[in-house]
Amino acid sequence: MNLIRTLIVDDSPTVRVSLRELLEESGEFVVVGECSDGPTAVEQCGRLKPDLVTMDVQMSRGDGLSATREIMRSLPTPIVVITEAGKGRESQLAFEAMQAGAVDVIRKADVGFGLARDREALRHRLHLMAGVKVVGRRGRCLDEPAPRRAETPPAGPGLPAPREIPAAREIPAAPASPSLLTPPGDRVSLIAIGASTGGPPAIAKVLSRLQPETAPPVLIVQHISSGFCSSFAEWLDGLLPLQIGLAVHGEPLLPGRVYIAPNDQHLEVSAERKVRLHDALPLRHHRPAADLLFSSVARHLGDGAVGVLLTGMGEDGARGLLEMRSAGALTVAQNQETSLVYGMPAAAAKLGAAERILALDHITTLLSRCHLRSPGRVA
């Protein structure tokens, strides 16, 4: 079995010890380096070429955000941000790091000595993140072979040899037919979006050209670590001109507003075309579940909505998107080339749930052309 070579970056010795013990007790990981600041992280990443980096974003010397940007520019490597949740600027830095290329964010509180099943779940998540094909700042790394980096360093006593990592390459989006980027008439009442791994920056991108005066309401299910939903909403709200916040049960759906599912609550559209939140059992391990959001939109809005399934692991959202398509809604899935993880969109494509499969830039263009059918509340 190939061990996952991991670099731990955190200025807390206690956190570094906890992470090392968490990883190495499974026999699937080996910690090849530890450091407490950003510049050293960049140097060690280039020298050790780890399979995975765990990165604190706020450290006393050299922040993790700058280190993430430099690593993604020079040697794209899966980076998981491990930081405090709900601490203002620190949480915002985590999403800026994801925008720079980090693949996931995890609470430091989850790294401690919890139940065995929770520790195993966290290791499994890190294991999955180590296998993600990351993007450089010049574009995505595709599956086919790429130029290899020379001068692979020696493994060192007792450590497995580092894997060679392909260099980042720029992959331009293929031209799309104008008809694929045009909504079917000026009839959009609502946009529903589901995403998981790699979702926050993808969501920011596809919403970036919506205007508050003309945009329909947008409902979002984003799978994310507990405690980060509020920070995600605040981060998006600071980036975009739309009014963005966590959804509140019973509130009306208004134009130019973005409603994000809170942690551990399902988000749906009610028969009265209002926000419905509830804590029913997780659907195929997910709460919130994109499948439930899409299903409710199919029931109550039919052909007046647009459903979008973005990058993410698993299959959540595919069945609900099929229901939306069957109800006459326009359904879209992100393509493989621009997805950080082609799991959820691939499931939608396999089911025939997506009427259009588009690059992220093209989804952005399509949504920018989706204007509210009539002013005021959803009708």
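## Burial and packing in a predicted model

Thr6 is found in strand β1.

**Thr6 and its surroundings.** The relative accessibility of Thr6 is 0%, so this residue counts as buried, the limit being under 20%. Leaving aside neighbours within four places in sequence, Thr6 is in contact with Leu23, Phe29, Val30, Val31, Val32, Gly33, Pro50, Leu52 and Thr54.

**The protein as a whole.** The protein has 379 residues, of which 54% count as buried. Its secondary structure comprises eleven helices and 16 strands. Among contacts with a separation of 6 or more, 73% are made by residues 24 or more positions apart. The accessible surface comes to about 15,400 Å², and carbon and sulfur atoms account for 51% of that area.

**Helix α5.** This helix has 15 residues and reaches 21 Å from its first C-alpha to its last, close to the 21 Å expected at 1.5 Å a residue. Its buried residues are Arg119, Leu122, Arg123, Leu126, Met129 and Ala130. Seen down the axis of α5, these buried residues fall within an arc of 120°, and therefore they line one face of the helix. An α-helix has 3.6 residues a turn, so residues three or four places apart point the same way. The cover over the buried residues of α5 includes the strands β1, β2, β3, β4 and β5, together with helix α1.

**Helix α6.** Seven of the nine residues in α6 (residues 199-207) are buried, so this helix is largely enclosed by the rest of the structure. The buried residues are Gly199, Pro200, Ala202, Ile203, Ala204, Val206 and Leu207.

**Lys108.** This lysine is found in the loop between β5 (104-107) and α5 (116-130). Lys108 has a relative accessibility of 15% and therefore counts as buried, since the limit is under 20%. Not counting residues up to four places away in sequence, Lys108 touches Asp10, Val15, Asp56, Ile82, Thr83 and Glu84.

The two residues described individually are set out below.

| Residue | Location | Relative accessibility |
|---|---|---|
| Thr6 | strand β1 | 0% |
| Lys108 | loop between β5 and α5 | 15% |

Technical notes
Residues are numbered from 1 along each chain as its sequence is written. This is a predicted model: local features need pLDDT of at least 70, side-chain atom pairs count only at pLDDT 80 or more; totals for chains, interfaces and linings use all residues. Side-chain values use heavy atoms; hydrogens and water are left out. Helices (H or I, at least four residues) and strands (E, at least two) are DSSP runs, numbered from the N terminus. Buried means under 20% relative accessible area, exposed over 50%, partly exposed in between (1.4 Å probe, protein chains only). Contact means heavy atoms within 4.5 Å. Accessible areas come from the Shrake-Rupley method with a 1.4 Å probe; for residues, only the protein chains shown count as cover. The expected span of a helix is 1.5 Å times one less than its number of residues. The arc is that of the directions from the helix axis to the C-beta atoms.
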